[in-house]
Each structure stands twice: as structure tokens, then as C-alpha cells.
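Here are some exercises to work through with the structure open in your viewer. Try each task before you read its solution.

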Amino acid sequence: MKLLGEGFYWNDLSVGDRFKTYGRTISETDIINFVSAVGMLESLFVDAEFRARHSAIDGRPAPAALVYSIAEGLTLNATGQGTGLAFLQMELNVEGPVLQGDTIHVEIEVTEVRATSKMGRGLVRTRNSIVNQRGETVITYTPLRLMAGRD
């Protein structure tokens, strides 16, 4: 029986493959729950009066760590269920703000695929662009993942 939602195996991917996730709207609840859970109680995220007087960003910004975390959820649910073995390394660049009410999706391009010395496993690096509803790239990151191989 076919298991629905199964991720990609490393040896089914090729450099240049491209994918796009579904979108997700960032809500006030997302921001409050995240900053409370991780202790990121910075005035920019929890004090509307401070934001109104001092912020360089109009609106309620979401922490980049929250945006990245949601993007990883979108990505892994679409590409790595049951096949992702480990997250090894990445570079991350914040290119613009994400505000409450923005909808993000992730555009993924495979940039490296190679076998490991241990049979049945491979390394896959992608360039992930988090894009808002206006088509603006707000974060880019380049995860290197250990992935299971197809038998």
C-alpha cells in the first residue's frame, strides 16, 4: 500500500530540480506563541507602543526565526516525510521583513546531491527562498540534509 505524503529519496533528486510549497499566513497568534515559547520577549514583538514610536518597520514584524521555522515545516511536510534523516548545516540570510498577515511559501532548488560512504544514504543541499505574497524573497537559506536512499 502506498504511504501518502512520503518525502523524496536522495537518489531520486537531481541538481536543478525545483519545487514550491503551499503557502501559510503568519498570524498574531503565531508571533505571540513563538516569542513567548522561546523567551524572545523583545519590545519590537510584544509592545505596540514601542513599535509605533521606534520601529523602522510599519506593522507587526515576525521574528526571522519564526519565519524560518514555519518555512521548514512547509518544506519538510512536502519533501522529507520518512526520508529525511538529519539536518547538518546551513547558511541563512534575512532579506526583508515578514509582517503579521503576510503569506509565505518556499521555493526550493536542489543544488547538490551526492552519496555518502554509508550505503543507502545521501547528502542533499538546496537553496530555499522564502517568498511573500508580493513575490518578494524575504529569507534565503541553504540546508544540507542527510536523506535516505531508495532501495
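Predicted model: local features only at pLDDT ≥ 70, side-chain atom pairs only at ≥ 80, totals over all residues.

**Exercise 1. A nonpolar patch**

Is V46 buried, partly exposed or exposed, going by its relative accessibility?

- Step 1: the relative accessibility of V46 comes out at 41%. Buried would need under 20% and exposed over 50%, so V46 counts as partly exposed.
- Step 2: V46 belongs to helix α2, residues 43–46.
- Step 3: together with I32 and L41, V46 makes a nonpolar surface patch of about 240 Å².

**Exercise 2. Salt bridges across the sequence**

How many salt bridges does a search of the whole structure find?

*Solution.* 
- Step 1: the search turns up nine salt bridges. As background, side chains of opposite charge can pair when their charged atoms come close.
- Step 2: take D12 and R150, whose side chains meet with an N to O distance of 2.6 Å. D12 sits in the segment before β1 (18–20) and R150 in the segment after β8 (144–148), so this pair ties together parts 138 residues apart in sequence.
- Step 3: check the exposure of both ends. D12 has a relative accessible area of 37%, which makes it partly exposed, and R150 is partly exposed too, at 46%.
- Step 4: now go to E72 and R145, where the closest N and O atoms are 2.7 Å apart. E72 is in helix α4 (residues 64–79) and R145 is in strand β8, so the bridge links parts 73 residues apart in sequence. Both of these residues are buried.

**Exercise 3. A further pair and a network**

Which residue forms a salt bridge with R114? Describe the exposure of the pair, then look for bridges that share partners.

*Solution.* 
- Step 1: the partner is E112, with 2.6 Å between the closest N and O atoms.
- Step 2: R114 is partly exposed at 40% relative accessibility, and E112 is partly exposed at 22%.
- Step 3: for shared partners, pick out D102, R134 and E136, which salt bridges join into one network.

**Exercise 4. The neighbours of β5**

Which strands pair with β5, and in what sense?

*Solution.* 
- Step 1: β1 runs antiparallel to strand β5 (residues 103–115), with three bridges between them. For a landmark, look at R18, which stands opposite E109.
- Step 2: strand β2 (residues 24–25) also pairs with β5 in the antiparallel sense, over two bridges. Here T25 faces T103.
- Step 3: strand β6 (residues 121–131) pairs with β5 over 10 bridges, again antiparallel. In this pairing V110 stands opposite T126.
- Step 4: look at the hairpin of β5 and β6. Five residues lie between the two strands, and G120 takes a positive phi near 85°.

**Exercise 5. Around T140**

Is T140 buried or exposed?

*Solution.* 
- Step 1: T140 lies in strand β7, residues 137–141.
- Step 2: its relative accessible area is 6%, and with the buried cut-off at under 20%, T140 is buried.
- Step 3: leaving out residues up to four places away in sequence, T140 touches E91, L92, N93, E95, R127, N128 and S129.
- Step 4: from that list, pick E95, whose side chain joins that of T140 in a polar contact of 2.9 Å.

Notes: Residues numbered from 1 in each chain as written. Heavy atoms only, no water. Salt bridge = Lys/Arg side-chain N within 4 Å of Asp/Glu carboxyl O. Helix = DSSP H or I, 4+ residues; strand = E, 2+ residues; numbered from the N terminus. Buried < 20%, exposed > 50% of the residue type's maximum accessible area, 1.4 Å probe, protein only. Pairing = 2+ DSSP bridges. Patch = residues over 30% accessible without salt bridge, like charges linked within 9 Å, V, L, I, M, F, W, Y side chains within 5 Å. Areas by Shrake-Rupley, 256 points an atom, 1.4 Å probe, with all protein chains shown as cover. Polar contact = N/O pair within 3.5 Å; in protein donor to acceptor, adjacent residues only side chain to side chain. Contact = heavy atoms within 4.5 Å.
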